Amino acid sequence: MLVPRLLGSSVGAFLLVPAVPVVVRKVEPIQCASHGATPADDAALALALVAGEAPAPRHAWDRFAPMVRRIARRTLGPDTDVEDIVQLVFMKLFARVHTLREPQALSAFLISITTFTLRRELRRRKLQSWLGLASDAAATDLRVVHPDPLAREALRRFYALLDHFGARDRTAFVLRYVEGLELSDVAAALGVSLATAKRAVTRTQERLTRLVERDPALAEYLGTGLLGRREHD
Amino acid sequence: MTEPREPTPARALEQLAALAQKSLTGDPPKRHAATFADLARRAEREAASRRKRLSFGVAAVALAAVVLVWVVLRPAPALELAVVNGDMSRSGEVSGSARGTRLAFSDGTQVALSDAARARVGSVDEHGAELGLESGRVTLSVVKRQGARWSVTAGDYRVSVKGTTFSVDFAPERGDMTLDLLTGSVSVSGPLITGGLELRAGQRVLIRPREGLVQVQPLEAPEASAPVATSPPPRVEPAVEPPDAGPAAEAPAARPTTPRRATGKRSPQPEPWSRLVAAGRYAAVLEAAEQRELGRVYSGASAADLQALADAARYLRRSDVARPALLALRERFPASNGAREAAFLLGRSEETGGDAARALEWYERYLSESPEGPYAAQALGRKLLLVRERSGRGAALSIARDYLQRFPDGPYAATARSLLAER
């Protein structure tokens with residue numbers, strides 16, 4: 001059985017997870033965007049996972065894999081294959097779900113695990129880049145991402161600018177403005193205070209705005225031009 | 001202390017965030033999508049691997065290692081900061097004054113701001129701080145210690161510091177940066193710099209993005225004057241002194257020479273131009289093309305190179321290079337997708353250059369060659385606007401109806417509806 005093995009590995013299971021503890025703060029549970037599930041549904045699923053019910057991991061995967069994949073793509077960018085990371089997140093979820101204090105906050109718990117996993121991945125990629133190692137990310141056919149070539153290029157440039165930022169600031173910005181989470185949820189996902197999350201988002205937003213305004217490829221897509229004129233309307 | 005309100009993001013960021021939202025969804029990829037079965041197999045493998053390790057008592061040793069790592073890595077308190085002869089706002093902004101404003105950190109590091117300089121203190125931790133230089137000059141004396149990590153950001157450039165004394169001058173209106181390194185070593189990264197630029201004590205680097213200039217010279221040498229720009233091609237750029245040249249070497253003033261990019265290492269293998277464009281290194285593509293002579297590039301380069309050159313030239317507003325590259329693409333590779341897309345891009349180029357009539361011709365050509373192409377919504381929308389502008393609302397009505405029928409959710413749908421609704 002999958003669940004007993006995952007949850008019954010005792011000490012060994014915890015060695016796979018980051019040393020930083022995941023704390024679920026007292027925030028309102030996020031409405032899970034997958035399948036219109038409610039916090040009550042999440043609570044039932046969390047309890048089922050903890051109890052080791054056989055269908056529970058599959059249900060968790062079906063319900064939350066799209067959300068995890070979406071957050072991973074939006075954080076890492078269009079040129080990254082995120083499937084391995086999605087699997088890793090669920091491995092961690094199954095290993096640590098019994099630490100969840102509020103079963104109805106399962107979605108927030110999973111977002112927190114996802115965020116920590118993505119930040120580690122970003123740091124790993126940066127280290128690879130510093131060491132001059134080739135990226136091991138599979139190139140994605142961006143035509144699948146967006147049919148418009150101008151939009152594809154703009155997206156690629158946007159994420160190239162996000163590479164300028166540290167893992168936490170980048171993740172904070174993406175969770176807030178691309179994923180659309182409230183600041184309190186961003187803070188919970190990052191495991192920081194609300195003030196820290198707000199500073200991270202604001203700082204990133206201001207600097208990113210300056211970088212975007214100076215990028216000629218983005219200027220062309222946005223139709224503002226370097227002089228700030230709009231091309232239409 | 002109350003936190004400032006979260007500012008509203010600029011419209012540009014909102015548009016880009018919306019693009020990311022729309023493009024990057026949670027749908028599984030068409031190929032190699034992870035399934036629950038994959039996850040289950042992975043869990044089985046890792047569980048088996050764990051059992052094997054436990055049988056050798058690794059778990060206890062690893063647990064002890066984790067605890068030790070946590071003890072070693074637990075965060076130390078952040079450095080403390082005092083502002084002398086000045087004030088710092090809640091958002092970390094600080095301005096220089098005639099009294100001599102400086103930032104004094106608890107590890108002994110000092111940052112002096114020139115009169116009227118504007119800077120911002122970003123994050124401060126136990127290793128150092130991130131400073132943003134908005135304009136003017138700052139002089140840093142960074143105490144060298146283990147784990148020290150300081151950085152100064154000026155525009156798109158970043159100076160990473162471990163233990164040194166240097167000054168940075170930044171003029172935001174042009175994006176020009178000058179860094180004088182007095183002691184220690186720093187690394188500078190940013191546009192026009194390949195692989196990072198390592199500077200040594202006694203060196204100055206001048207960065208003038210608009211002229212494509214990155215020049216390293218001894219501190220004693222006078223600042224180079226702006227290079228003379230000839231009509232393209234080629235551009236005249238000053239010679240670049242290798243960063244490991246001693247202070248006794250004299251840096252030449254601006255003179256015509258083979259343009260070189262300032263690097264801290266040997267030149268790498270030439271990268272495909274398409275990859276340079278993807279990395280945002282447009283000037284590098286243009287430089288490479290000019291080295292090969294543009295005429296030869298138009299007549300002999302591959303379709304991919306012509307496309308990359310056209311893209312890079314467009315982003316750098318070099319229509320004198322973009323147009324011939326696109327025309328060459330159409331003439332030499334008429335059946336390619338790039339050739340069809342070139343028709344739209346030529347329309348954009350003509351429109352930006354002010355020739356609406358020629359722009360219309362190109363848009364109409366694109367629409368006839370590629371009615372379902374990726375730029376069709378854009379081409380028809382631009383045509384709508386140009387016809388309205390040149391010939392009035394009446395002439396544009398049929399185009400507006402056509403647009404809404406074909407692209408009801410397109411980028412110009414709102415414009416088309418508005419036009420039809422006018423009386």
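Two rings of Phe, Tyr or Trp, the last taken by its six-membered ring, are called a pair here if their centres lie within 6.5 Å, and planes under 30 degrees apart count as stacked, over 60 as edge-to-face and the rest as tilted. With that in hand, ring pairs link F158(A), Y159(A), F173(A) and Y177(A) into a cluster.

Before I go on, some housekeeping. This is a predicted model, in which local features need pLDDT of at least 70 and side-chain atom pairs count only at pLDDT 80 or more, while totals for chains, interfaces and linings use all residues. Residues are numbered from 1 along each chain as its sequence is written, chains are lettered from A and ligands numbered from 1 in the order in which they are written, and side-chain values use heavy atoms, with hydrogens and water left out.

Let me stay with the aromatic rings. Over all chains the structure holds 13 aromatic pairs, and one of them is formed by F158(A) and Y159(A), whose arrangement is edge-to-face, with 5.5 Å from centre to centre and 75° between the planes. I will speak of residues as buried when their relative accessible area is under 20%, exposed when it is over 50%, and partly exposed in between, using a 1.4 Å probe and protein chains only. F158(A) has a relative accessible area of 1% and is buried, and Y159(A), at 4%, counts as buried too. In chain B, the rings of Y403(B) and F407(B) have centres 5.3 Å apart and planes at 55°, so this pair is tilted; Y403(B) and F407(B) are both buried.

Rings also meet charges in this model. I count a charge as sitting over a ring if NZ of Lys or CZ of Arg is within 6 Å of the ring centre and within 35 degrees of the ring normal. R207(A) lies over the face of F165(A), 4.8 Å from the ring centre, and in chain B the charged end of R365(B) is placed over the ring of W362(B), 4.5 Å from the centre of that ring.

Now to the salt bridges, by which I mean a side-chain nitrogen of Lys or Arg within 4 Å of a carboxyl oxygen of Asp or Glu. How many salt bridges are there over all chains? The count by this rule is 35. I will go through some of them, and when I name helices (H or I, at least four residues) and strands (E, at least two), these are DSSP runs numbered from the N terminus.

One salt bridge joins the side chains of D84(A) and R42(B), at 2.8 Å from N to O. This pair crosses between chains, running from helix α5 (residues 83-96) of chain A, which holds D84(A), to helix α2 (residues 36-55) of chain B, which holds R42(B). Are its two ends buried or exposed? D84(A) is partly exposed, with a relative accessible area of 47%, whereas R42(B) is buried, at 11%.

Within chain B, D169(B) forms a salt bridge with R137(B), and their closest N and O atoms are 3.2 Å apart. That pair links distant parts of the chain, since D169(B) is in strand β9 (residues 165-171) and R137(B) in strand β6 (residues 129-141), 32 residues apart. D169(B) counts as partly exposed at 27% relative accessibility, and R137(B) is partly exposed at 29%.

A further salt bridge in chain B is formed by R323(B) and E350(B), with the closest N and O atoms 3.8 Å apart. R323(B) lies in helix α8 (residues 319-332) and E350(B) in helix α9 (residues 337-352), so the pair ties together parts that are 27 residues apart in sequence. R323(B) is partly exposed, with a relative accessible area of 24%, while E350(B) is buried, at 7%. Elsewhere, salt bridges that share partners join E206(A), E93(B), R120(B) and E134(B) into one network.

I will close with the backbone. Most residues other than glycine have a negative phi. N85(B), which is not glycine, has a positive phi near 60°; N85(B) lies in the loop between β1 (81-84) and β2 (93-95) of chain B, and is partly exposed at 32% relative accessibility. A116(B), also not a glycine, has a positive phi of about 75°; A116(B) is in the loop between β4 (110-113) and β5 (118-124) of chain B, and is exposed, with a relative accessible area of 55%.
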